[in-house]
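Dear colleague,

I am passing on the structure we spoke about, with the sequence and the coordinates together below. My notes on what I found follow after it, and I would be glad if you read them alongside the structure.

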Amino acid sequence: MEMQSALTASPIPGLLPHPYKLLPFQHEAVVKMIQFLERPKYFPDDPYTKTGVYNSAEQGCGKTVMTIAALNYLKFPAVLVLCPAVMRLVWEKELKKFLMPCVVPAGAPLLPKIIVINGKSDWKKLAALPKTSAVHPIIVICSYDLAATEIGVETLSKIPFECLVADEGHYLKTRNTKRSKAVFKTLLPNIPKVIALSGTPITTCITDLYTWANALAPKDFPNYYVFANRYAEQTRTPFGIKYHGLRNEDELRTKIRSKWFLRYTKDEVLPELPDKQFIEVPLPASLAVKSLPQVNRTAVEQAMIDMLLHIENPEKHSMPLAVQSVVKSIRQAQGLAKVDAVGAYVESMLDQDIPVL
């Protein structure tokens, strides 16, 4: 089915705030995302009511900025971003950097209010949102695990979100997990548009893609076993049939890429990519070291004097041992405080087969 619009005829201006610009392939991807998200306009014969896109560009191609650019164009007044816990502050940072004002029925364009859910106390902030989101646009950022809690499902279900962004969509590859049930059976049925993101939508077998294929194209992929038997290799074991690999690849590619799936690899877009960049992954302030190691007052005073001498003439006066000890203790304490968050981030990268040093 061909797209019925000339949206791609010329570049779309104003997708990002000045001075930021999309790379050519990113602009192309955003255009496709918009077309998939506004499916009735571009696919007039398509019967689906749920419209969405699965952006499977490889890690480092800019899926986050593509998504924000699409949100800037479509100007949804209420958006829910679900992501791994360690990525909540990354999303907050990127949204504050690239988000543009959204027009709401009440009048003048406003920057959406960003609310990050970090724990139980934050749910209270959402109590008034169903009444105010039509007046002031909102974006709620929440981890999958918090969204799947009883209070999370109950609170989020009451908010009239118009779009769901599911970062690292492969987190929902298993149909019967608590988080998958919360998203696909409770939240998503009430949200008309969805953007799923993952550089590795298939981590073990093509069946990993089924949950999203069913959510975005239920008439094409209504049944898990029909999907698995058609597109996966099968091996009989004493415990039943084991699915693995991929078959009928061309058929599947045609069915999904024409309506809701897009993919870019680094090899394809390498000439457009900038030099290697480093990103900062912020962590919650709650992980900060709250108190300094206890040090004798006299030792502190002497250390301050020694530090001033060191600053004035570092070649003659070395760094005071007392200061070195304090600094070392702080670094060790801060490092230990980051362990769980760093571990979760590395685990997420390993799930996507991204090399980690």
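Since this is a predicted model, I begin with confidence: the pLDDT averages 83 over the protein, and 78% of the residues score at least 70. Among the elements, strand E5 (residues 163-166) has the highest mean pLDDT, at 97, whereas helix H5 (residues 129-132) has the lowest, at 60. Over residues 1-6 the pLDDT is below 50, although this stretch has 13 contacts in the model beyond near neighbours in sequence. Where pLDDT is low, the predicted coordinates should not be read in detail.

Turning to the sheet, 7 strands form an open arrangement with parallel pairing, and their order is E3-E4-E2-E5-E6-E1-E9. Strand E3 (113-116) and strand E9 (261-262) stand at the edges, and because each has a single partner strand, one side of each is left without a neighbour in the sheet. Within the sheet, strand E1 (residues 51-55) runs parallel to strand E6 (residues 193-197), and 5 bridges join the two; Thr51, for instance, has Lys193 of E6 as its bridge partner. Helix H1 (residues 24-37) packs on the sheet, where it touches E1, E6 and E9, and the direction of H1 makes about 150° with that of E1.

The crossing in which H3 passes H4 is right-handed. On the H3 side the contact is made by Thr64, Val65, Thr67, Ile68 and Asn72, and on the H4 side by Trp91, Glu94, Leu95 and Phe98; by class, the residues of this contact comprise 5 nonpolar, 3 polar and 1 charged.

The second pair consists of helix H10 (residues 224-231) and helix H11 (residues 249-257), which pack at an angle of about 130° with their axes 10 Å apart, so that H10 is oblique to H11. Here H10 contributes Phe227, Arg230 and Tyr231 to the contact, while H11 contributes Glu251, Leu252 and Lys255. The contact of H10 with H11 has 3 nonpolar and 3 charged residues, with no polar ones.

With best wishes

Note on methods
Residues are numbered from 1 along each chain as its sequence is written. This is a predicted model: local features need pLDDT of at least 70, side-chain atom pairs count only at pLDDT 80 or more; totals for chains, interfaces and linings use all residues. Side-chain values use heavy atoms; hydrogens and water are left out. Two strands pair if DSSP finds at least two bridges between them. Helices (H or I, at least four residues) and strands (E, at least two) are DSSP runs, numbered from the N terminus. Contact means heavy atoms within 4.5 Å. Axes are lines fitted to C-alpha atoms, for helices over the stretch in contact, and angles run from 0 to 180 degrees between N-to-C directions. pLDDT is the predictor's confidence in each residue, from 0 to 100. A crossing is left-handed if the near helix is turned anticlockwise from the far one by less than a right angle, and right-handed if clockwise. Ala, Val, Leu, Ile, Met, Phe, Trp, Tyr, Cys and Pro count as nonpolar, Asp, Glu, Lys and Arg as charged, and the others, Gly among them, as polar. Angles under 35 degrees count as roughly parallel, over 145 as roughly antiparallel, 65 to 115 as roughly perpendicular and the rest as oblique.
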